[in-house]
Amino acid sequence: MTLSQKRVIQIFAVLAAWAVIVIARLIQVQFVLHDHYTNRAQRQQERTLALNPMRGSILDSRGRVLAESVAAESVYADPQAIANRKSVAARLASVAGLRMSAREVEAKLRSDAGFVWIARQIPLAVADEVRKLKISGVDFIDEHARAYPRGTLAANVIGHVGVDGEGLAGVEHSFDSYVRGKAGKVTVLRDARRGMYLVGGEGANRPVDGNDVVLTIDGVVQFIAERALANVVTRYRAVSGTAIVMDTRDGRILAMASLPTFDPNRFGDFPPASWRNRAVQDNYEPGSTFKIVAAAAGIEERIVTPSQMIHCGEGAIRIANLEINEHGGHRYGLLSFAEVLAKSSNVGTVKVALALGDRRLYDYVRRFGFGERTGIELPGEANGILRHISRWSQVSVASISIGQEIGATPLQVVRAMATVANGGMSVQPRIIEKVVDGEGRTIATPKRAEPKRVISERTAAVLNEMLKGVVEHGTGMQAALAEHVVAGKTGTSQKAVRGGYSADRFIASFAGYVPADRPRLAILVTVDEPKGEQYGGVIAAPAFREIAEASLRYLRVTPSIPQRSITVAPPLLAAFSQRPVAAERSAVPDLRGLDARAAVARATASGLTVEAVGSGVVTSQQPGAGEALPAGGRIAIILAGAM
Amino acid sequence: MSRKLTYDSYLFGAAMLIVVVGIVMIYSASAILATQKFGAGNPYHFMTRQLIWLFAGGAAMFLLMHLDTSLLHDRRIVYSALALVGLGLVMALFQGPVNGTHRWIILPWFQIQPSEFAKPVVVLFIASILARREERVNELTATLLPVGSVLALFAGLILLGRDFGTASVLMVVGVGMIFAAGVSWRLIGLFMIAFVPAAIALVFSAAYRRDRLFSFLNPEADPLGKGFQALQSLIALGTGGLKGLGIGNGRQKLFFLPEPHTDFIFSIIGEELGFIGAFALVGLFAFLVWRGLRVAQLSRDRFAFYTALGLTLMIALQALVNMSVALCLLPTKGIGLPMVSYGGSSLVASLIAVGILLNLSQQST
């Protein structure tokens with residue numbers, strides 16, 4: 001072999017050694033470090049996007065939509081892809097629908113992140129306006145926004161939803177797991193220029209839409225209760241108030257109103273206190289409405305009969321160092337027990353309670369369901385405040401018998417009243433009818449306790465007569481209806497303040513049921529700190545009457561008192577369905593200029609059915625704006641052109 | 001020479017396989033880039049151009065295969081080619097910079113990279129000198145000076161165009177040929193003493209070369225800056241694993257890896273075809289190099305020996321440097337993978353080299 005040939009072999013050896021190094025390195029990178037680099041690759045190439053499911057609707061018992069999810073868009077930006085942040089901010093702020101100032105937008109754009117939200121869940125029309133600006137670095141994501149088409153109606157029951165779709169209060173919160181649905185996930189490939197490049201097909205989990213929750217609430221009864229409550233709270237400039245309408249037969253809550261209230265569509269504009277559902281979350285001292293417990297116990301335990309005479313003395317009774325007075329300084333002298341309840345005599349009730357003793361009163365209070373949650377399907381229900389008998393003082397039995405020294409939720413009080421109406425059977429209040437899936441199949445019905453006997457049927461019947469007397473000739477006369485006999489009890493409780501009871505702050509209430517002899521509805525109205533008046537019989541009883549009368553007519557309950565003339569029901573439904581567009585009473589709304597979605601929503605809110613032709617925005621409508629049209633009437637709209 | 005022998009069909013087959021891999025991978029790596037640059041209807045932009053160059057290069061290869069070998073030997077032809085390439089290199093220096101370098105002569109429809117053609121031409125020149133003065137290889141004036149000064153001239157011109165990689169390859173090829181000519185170890189030692197410090201000085205004289213060197217040492221230290229290319233290349237290769245993501249399924253070409261169809265095509269091959277594909281390609285090159293060196297070893301005349309050695313060395317070095325860069329074993333060089341990377345001049349020059357090798361293979365036994 002020549003020197004040259006030897007040298008060629010040496011060169012070949014060097015090249016071969018180099019090739020071996022390359023292959024060794026290839027093995028290291030492709031096998032040993034495979035996971036490391038795969039991980040790195042995924043970090044830079046993939047992005048997992050959550051696909052929001054469509055949240056289920058909340059419906060009233062007749063299928064009216066109280067809460068629904070509507071398509072909306074969110075606008076986001078990649079600040080790193082925006083060179084001139086100031087001008088982009090100014091252009092974005094020029095879209096009025098975003099309701100943001102240039103300064104606010106610019107602050108968001110100053111982020112170091114590759115992603116910032118500009119606006120969440122804005123109407124599609126506003127998003128389109130932003131889209132038309134064609135700003136690079138600004139993009140859109142389809143989302144859903146929660147809409148409450150009837151505004152404040154039943155807002156405190158329904159609750160509201162946060163911007164990320166989580167139920168924050170009310171049924172939205174307690175039934176969140178049903179209405180929420182399951183989020184989907186999709187892995188999106190990204191390129192280095194931040195463009196979304198490819199949606200991974202097999203790796204995508206489709207979102208599962210939420211189920212619909214059907215409430216026992218009847219939108220119309222709710223509307224009636226809210227209207228009556230609003231009237232009384234406004235009239236007496238009260239701090240707050242509640243009204244509950246419950247079906248006595250099965251505990252279904254037909255209405256639950258709470259004031260102050262809020263519009264869940266824009267809950268952020270209202271103070272958090274207005275989000276509370278006071279009917280289940282707040283305790284109050286029920287006052288005289290609570291006397292039905294002592295009365296029921298006295299009759300059941302054969303301590304007293306309605307006709308038995310009780311000496312109510314000089315308007316006061318002293319137990320230990322506590323003096324209990326009659327309301328308004330009355331001196332009743334000798335009263336039958338029926339009269340004690342009708343006139344709401346404190347002294348007479350206390351005497352019965354003293355005869356019952358601590359143990360028996362405590363037992364009855366417990367049996368009526370006080371001091372524990374009713375178990376209604378709403379979040380944050382209060383227990384009520386009932387001190388254990390072992391911690392009662394000498395005067396507790398007296399105080400509790402007249403509804404002091406005890407805290408109850410309005411719901412507990414209305415249930416106690418329904419127990420009397422039911423012939424002594426206590427039913428569990430409920431507000432969820434069922435949960436249905438997208439096809440309307442029932443997938444869950446809340447479990448409920450069996451009705452439980454609290455007092456005998458006979459005792460209930462006796463008490464029924466006494467409660468009718470309260471309305472016939474006692475403190476509750478203003479609750480009387482022309483068409484139905486009402487049974488009920490007034491309540492006027494002084495508010496507890498530090499070290500005693502306030503002389504000028506009261507809670508006026510009326511609890512009752514109707515028709516007294518074939519009960520359908522138990523109703524409670526409480527008014528917190530009314531001004532000018534204090535008595536439940538004056539303040540709350542008329543509101544009770546208003547709710548009872550309108551509800552029974554709406555529910556077509558045959559009048560139990562023979563009527564000489566037929567009363568024509570006021571156009572209640574029309575008033576109900578027009579509520580969200582308060583300004584345009586029975587007139588046809590002006591739909592011109594709206595897009596199809598908005599027009600249908602607007603017309604539906606006015607109780608009208610829509611026939612639409614074309615696409616784009618509404619250019620004409622028949623009948624025209626302002627013309628009168630009965631509820632359920634048809635309105636034809638013609639849409640044309642782009643926006 | 002009228003003997004009619006067949007050319008080395010193994011060498012031809014290996015080269016053609018490599019070319020096919022190149023065309024397919026260029027399409028895979030550049031389709032999205034092409035649609036981005038030239039519109040959605042143009043995913044074939046880079047592949048089409050490469051195919052056109054392939055026809056030109058293929059024609060040159062066939063011409064050289066069947067050319068009378070004595071013509072290659074002809075000093076007038078070799079010197080003319082050398083002068084032409086030298087002129088091209090000077091012309092390129094006066095062209096506007098592309099990516100900060102002066103490597104191209106820009107013509108209306110295409111660009112030519114004269115440095116690519118300089119490599120085979122300088123190989124022919126050195127081969128012709130060494131073939132004639134082999135026994136005087138250790139004499140400074142007879143061989144080392146003329147060979148050294150031509151090498152230095154051309155490498156210098158290429159370096160002026162800021163193409164350090166090609167200049168180095170050219171130098172190493174020349175040195176390899178002189179080494180094969182039997183230069184004494186004493187001279188090799190002296191050369192090393194002179195050259196190594198010079199090379200080091202050269203590396204540190206330009207900021208961009210220094211930056212590349214440091215980024216290569218630790219690409220993850222500055223993943224978004226100087227280490228970006230190297231790291232993205234490793235991510236591509238590492239993701240591939242054994243079998244790769246499948247042809248066309250690579251993701252690093254989505255603008256993560258710069259120049260996915262040129263300097264870093266090996267990374268895309270590793271990503272999409274996995275270790276199997278990358279290893280096979282290394283094997284193809286190794287086979288090609290072996291066949292090339294076999295041509296040299298079996299050649300009957302010295303010119304053929306030196307030419308075959310030089311051209312094979314040229315292909316082998318470029319392939320190894322390119323792969324080493326992709327694997328982060330060497331700093332970024334700007335050297336394509338011969339016959340695979342996108343680039344007309346490189347493809348044509350490589351095919352010219354293969355054509356000459358095939359021609360020379362006919363006279364080997």
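Predicted model: local features only at pLDDT ≥ 70, side-chain atom pairs only at ≥ 80, totals over all residues.
Trainee: Why is A:Ser396 called buried?

Mentor: Its relative accessible area is 0%, and buried means under 20%, so A:Ser396 qualifies. That serine lies in helix α14 of chain A, residues 396-401.

Trainee: What makes the pair A:Ser396 and A:Glu405 a polar contact?

Mentor: Their side chains are joined at 2.6 Å, and the cut-off is within 3.5 Å for N or O atoms, so the pair counts. Leaving aside neighbours within four places in sequence, A:Ser396 is in contact with A:Arg387 as well as A:Glu405.

Trainee: On to the interface. How do you know how much area chain B and chain A bury between them?

Mentor: Buried area is the accessible area lost on putting two parts together, summed over both. Here that comes to about 4000 Å², with 69% of it on carbon and sulfur atoms. B:Arg251, B:Gln297 and B:Leu320 supply 15% of the area that chain B buries against chain A, more than any other three residues.

Trainee: Which kinds of cross-chain pairs does the count turn up?

Mentor: Polar contacts: 13 residue pairs, both partners at pLDDT 80 or more.

Trainee: What makes α11(B) stand out on the side of chain B that touches chain A?

Mentor: α11(B) gives the most to that side, with 12 residues. By class, the side has 37 nonpolar, 13 polar and 5 charged residues.

Methods
Residues numbered from 1 in each chain as written. Chains lettered and ligands numbered in written order. Heavy atoms only, no water. Buried area = accessible area lost by both parts, 1.4 Å probe. Polar contact = N/O pair within 3.5 Å; in protein donor to acceptor, adjacent residues only side chain to side chain. Helix = DSSP H or I, 4+ residues; strand = E, 2+ residues; numbered from the N terminus. Nonpolar A, V, L, I, M, F, W, Y, C, P; charged D, E, K, R; others polar. Buried < 20%, exposed > 50% of the residue type's maximum accessible area, 1.4 Å probe, protein only. Contact = heavy atoms within 4.5 Å.
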